[in-house]
Amino acid sequence: MITLEEIVAVQHKNLATLTSKLIYLMIRNGADAEGWSSISLNSFSEATGMARRSIVRTLARLQSVGLIEKNPVKSKPNDVNQYRLTIL
């Protein structure tokens, strides 16, 4: 059986890079009352100095390990994606 401590250790291991930490903190600090943060890929890219494709990969990795979630609902195709931290 997997313990809560093991889950937390795996999740925090995925915050080992500066880029991952910056993106995680940008989502946390930009959250509204419901926890959702609307930040464009360009904003992430400008803050980290990384290419948009690298940002997409980092967001996908943070999402796959359960540190963040992406809001599946967009009212328009060009809307900015919304992300929020996943609470254990």
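Ground rules first. The model is predicted, so local features need pLDDT of at least 70 and side-chain atom pairs count only at pLDDT 80 or more, while totals for chains, interfaces and linings use all residues. Residues are numbered from 1 along each chain as its sequence is written, and side-chain values use heavy atoms, with hydrogens and water left out.

Now the layout. The protein has 4 helices and 3 strands. These are DSSP runs numbered from the N terminus: H or I of at least four residues for helices, E of at least two for strands. Along the sequence the pattern reads α-α-β-α-α-β-β.

Overall dimensions next. The C-alpha atoms fill a box of roughly 45 × 30 × 20 Å along the principal axes. Buried residues make up 30% of the 88. Buried means under 20% relative accessible area, exposed over 50%, partly exposed in between, with a 1.4 Å probe and protein chains only.

On to helix 2, residues 18-29. Which way does helix 2 lie against helix 3? The two are oblique to each other. Their axes come within 10 Å and cross at roughly 130°, with helix 3 spanning residues 41-48. Axes are lines fitted to C-alpha atoms, for helices over the stretch in contact, and angles run from 0 to 180 degrees between N-to-C directions. Under 35 degrees counts as roughly parallel, over 145 as roughly antiparallel, 65 to 115 as roughly perpendicular, and the rest as oblique.

Who makes the contact? Helix 2 brings Thr19, Leu22, Ile23, Met26 and Ile27; helix 3 brings Ser43, Phe44, Ala47 and Thr48. Contact means heavy atoms within 4.5 Å.

Threonine 58 sits in helix 4. Is threonine 58 buried or exposed? Buried, because its relative accessible area is 7%. Beyond neighbours within four places in sequence, threonine 58 is in contact with Thr19, Ser20 and Ile23.
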